[in-house]
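I opened this model to look up a few strands, helices and contacts. My entries follow the structure.

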Amino acid sequence: MLPKTSPEIGGMGHSVKRKEDLRFILGKGTYVEDVHLPGMVYGQMVRSPYAHARIKAVRTEAARNFPGVLAVITGQDLEKAGLSWMPTLFHDKQMVLATGKVLFQSQEVAFVVAEDRYTAADAAELVEVDYEDLPVLVDPHRALDADAPILREDREEKTNHIFHWEVGDRKATDSVLQSAPVKAKLDAFFPRCHPAPLETCGCVADYNSATGKLTVWETSQAPHAHRTLFALVAGLPENNIRIIAPDIGGGFGNKVPIYPGYVCSVVASLQLGRPVKWIETRSENLQSTGFARDYHMTAELAADRDGTLRGLRVKTLADHGAFNAAAQPSKFPAGLFSICTGSYDFATAFCEVDGVYTNKAPGGIAYRCSFRVTEAAYLIERAMDVLAQELKMDPVELRLKNFVPADKFPYQSPLGWSYDSGNYHAAMNLALEKIGYRDLRKEQEDKRQRGELMGIGVSSFTEIVGAGPAHTFDIVGIKMFDSCEIRVHPTGKAIARMGTKAQGQGHETTFAQIIAQELGIPVADITIEEGDTDTAPYGLGTYASRSTPVAGAATSMASRKIREKGRKIAGHLLEVNEEDLEWEPGKFYIKGAPGKSKTIQEIAFAAYTDLPPGLEPGLEAVHYYDPPNLTFPFGTYICVVDIDKGTGEVKVRRFVAVDDCGNVINPMIVEGQIHGGLTEGLAIAFMQEIAYDENGNIQGGTFMDYLVPTAVETPNWETGKTCTPSPHHPLGAKGVGESPNVGSPAAFVNAVVDALSHLGVKHIDMPITPWKVWQILKAKGVAE
Amino acid sequence: MATKKLVRVKVNGHDREAEIEPRVLLAHFIRDVLGLTGTHIGCDTTNCGACTVILDGRPVKSCTVFAVQAEGREIRTIEGVANNGQLHPLQEGFKEEHGLQCGFCTPGMILSAYALLEKNPHPTEEEIRWGISGNLCRCTGYQNIVKAVQYAANKMSEEKHVA
């Protein structure tokens, strides 16, 4: 049990108002686009209109001669410097600027640098590229056909197949599926979507030829990893590279990879000796940077007649686009997709994934998702409903029957994970109570009698976050630890820095609350700084809900180091043995004499002014935290929808989200994260897809086609929580940012299918647009 | 390059002028020429509203207005919402109700809400949602933004009452 702190201190569990807000509400944030340096010039990308074409010639003379243009960089220029290709974050490489051919529409072909952004845009129009069409491969199923065009001529393997990955017991699962009395099968496509943070990607690269130092302000969720990669790829000494991720306008996984625009800006700055700014447009962002999902999945469930689950078999085809630019741990080609047994106690399971290349933008990144967990949660939660329908059983009853029981934790899943803690029945029961499930079912029955369409969808997801333990988790070889360094100043105020980088999550507040909890220094007296690789300790960054599980734990541990040193100082000041001291947040006191105490502020002052003999001066600590396991947040979401038979429009009438993310640091911030994640889930379920036509033309490449919900379409979310602490995290916390995005799509889709199930509808792929629903209503003869 | 034009505007109460190309967007004029970077640009299709400013009392998406169209007019940007260091009730509401996360949409959102409350000091939830429907937020799910606007409406009405 963690000691309770006062609101003035503001430790764990206080809804402290955010420290970062003031600059944002005054318009004084500093995003990359706000960085303005003397002599700064602007870069503009020239992109391919074709999805697959041979480059016959790139003519740059007209652009070069345009007044105000300083440089035009092509793939051939980069080739001379050995920089025309760069490694992706997952065992592949990617063209920085195309040489030989282009492999997706909007691929980077040339980079124009000019004195101002308008001139750069004008000159980019003057770059002439001769293309010769090549056959376009859009359908991933066709990628493996013998007569399919081979896209990646640069690879030794003359195939579009990237990887095969499997986990679990194939033979046992096949046998269970063969013999089971009840089977259910689901073919589901999780469409290609895009994180679309409101701020696009961009950078300002500034090479100082006098000092040899390269400073890059970058929209980066992982600045340290980027620094190391720049050093390895460009051959610059790592001490001469400084990556600064300033305020970031949302990330959601989009800002984990290194993009060609960053590399071109660095090259241009090295060449010109001037700072180069490159900010992509929204359309460039949607069309060329890290997409997510694009998983074609099949799930088969085996069960007894009473609904007891026996086995799960999953087969998936993953479309990675032109380059495998997934950003995920190197031992996991399909990320943590093997969490697909979800919240259920399966004895047997098997999962396999094949990845292929197509003529689409490269990816797939972990969009608000701990590496393919969203796909897995969607698949199992959708498949459970298909089985319930098959069994003519209530989907809630089926779930309750098969949940991993609370007394079975830590639970070993058949696909190799050790779930740290859980109480799935409790979360489900709270959600049922909050929404009034039984009454809703009765209402639905009445409405069906009257011909009205209403549906209830349930999703009881289990997440896997906080990557991760060094023995298994690394990104391009760098272990996935994270870090915190704390300095307590003589007057008792503190500054702390982490290897993570917030993009809206509120780290400046929550990490200060962790220190407040551990040391009793008020939140108001603590500054949190992230994102500057010259000052922050090394860490792998913020994505995959890893900040609280990993950097949060590091913050806790660094604080405890300071506290232990403080104990020595307090003993010296109070002239007692350390063992005779007790701690409460903010002070050490003598056991049995609470009046005789030294506050953390007094201790801090003494650390610089009155030390016990032999003790090192100062009050600082750094901790690199290697988590012993991942954390497994979970929850139950219930969605109620009404369908308009005239238009096919689905209205989300109510949505209850019960989340369990262990001990909560700041309830206000957690609730805000849940609201936001649910809204992104709503968008994915009903509105968004980056689709391609047969020629590889992007159909969802602007905000006119790739829809983001407004305040009008977004319902009010109802939240609730249960609390099952993580047994291995120092604060019992688990991480929450992604849960709503991972858990909600299935709840939305289950609700729509439930509304139409009596008509024989078993599945509808996302996005469930009014047009798609209306076509079903029409086919079933119920459209009005 | 076209002949430059002189543009004179009143921004947040101050007279500013500059010679610019006629094609320069108001958003770029405000950011790059006037140096007021609180106005953000989040898309290229007039959908997101991050660049919303108030032009002669009406909210506009400044990425879809030429700076020369603002000649002789009054502009209010996020930098001009607080009054002598005193937060506007909307700014206070966004902080108190956790109406922002990454902060990128916040300036545009506050200015749309500002224009809404000028016109309709007591909006219903529905009216608030429509009032900010030209502004996209990817982080908050809008629920707390609605509360922030309600907070401001209540506070402004109390202040008026007291005055």
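The entries below go element by element.

**Ground rules.** I am working with a predicted model, in which local features need pLDDT of at least 70, side-chain atom pairs count only at pLDDT 80 or more, and totals for chains, interfaces and linings use all residues. Residues are numbered from 1 along each chain as its sequence is written, while chains are lettered from A and ligands numbered from 1 in the order in which they are written.

**Contact between the chains.** I looked up what each chain brings to the contact, where two residues are in contact if their C-beta atoms, placed from the backbone, lie within 7 Å. Chain A gives 41 residues and chain B gives 43 residues. On chain B, at least two residues each come from α2 (89–96), α3 (106–119), α4 (125–131) and α5 (143–162). Helices (H or I, at least four residues) and strands (E, at least two) are DSSP runs, numbered from the N terminus. I sorted the chain B side by class and got 19 nonpolar, 16 polar and 8 charged residues. Here Ala, Val, Leu, Ile, Met, Phe, Trp, Tyr, Cys and Pro count as nonpolar, Asp, Glu, Lys and Arg as charged, and the others, Gly among them, as polar.

**α3 of chain B.** Is this helix enclosed or in the open? I found 12 of the 14 residues of α3(B) buried, so the helix is largely enclosed by the rest of the structure. A residue is buried if 20 or more other C-beta atoms lie within 10 Å of its own, exposed if 12 or fewer, and partly exposed in between, with C-beta atoms placed from the backbone. The buried residues of α3(B) pack against α1 (21–25) of chain A, and also against β3 (52–55), β4 (58–61), α2, α4 and α5 of chain B.

**α12 of chain A.** Of the 13 residues of α12(A), 1 is buried, so the helix lies largely in the open. Just after α12(A), A:Gly451 has a positive phi of about 85°.

**β20 of chain A.** All 10 of the 10 residues of strand β20 (residues 453–462) are buried, so this strand is largely enclosed by the rest of the structure. In a regular strand the side chains alternate between the two faces of the sheet. In β20(A), A:Leu453, A:Gly455, A:Gly457, A:Ser459 and A:Phe461 point one way, and A:Met454, A:Ile456, A:Val458, A:Ser460 and A:Thr462 point the other way. I traced its partner: β30 (residues 634–643) of chain A runs antiparallel to β20(A) and is joined to it by 10 bridges. Two strands pair if DSSP finds at least two bridges between them. A:Phe461 sits opposite A:Gly635 in β30(A).

I found an open sheet of 3 strands in the order β26-β27-β28, with antiparallel pairing.

**A:Pro140.** I placed A:Pro140 in the loop between β8 (128–133) and β9 (161–168) of chain A. With 22 C-beta neighbours inside 10 Å, A:Pro140 counts as buried. A:Asp319 is 179 residues away in sequence, yet 5.9 Å away C-alpha to C-alpha. Leaving out residues up to four places away in sequence, A:Pro140 touches A:His296, A:Leu317, A:Asp319, A:Val356 and A:Thr358.
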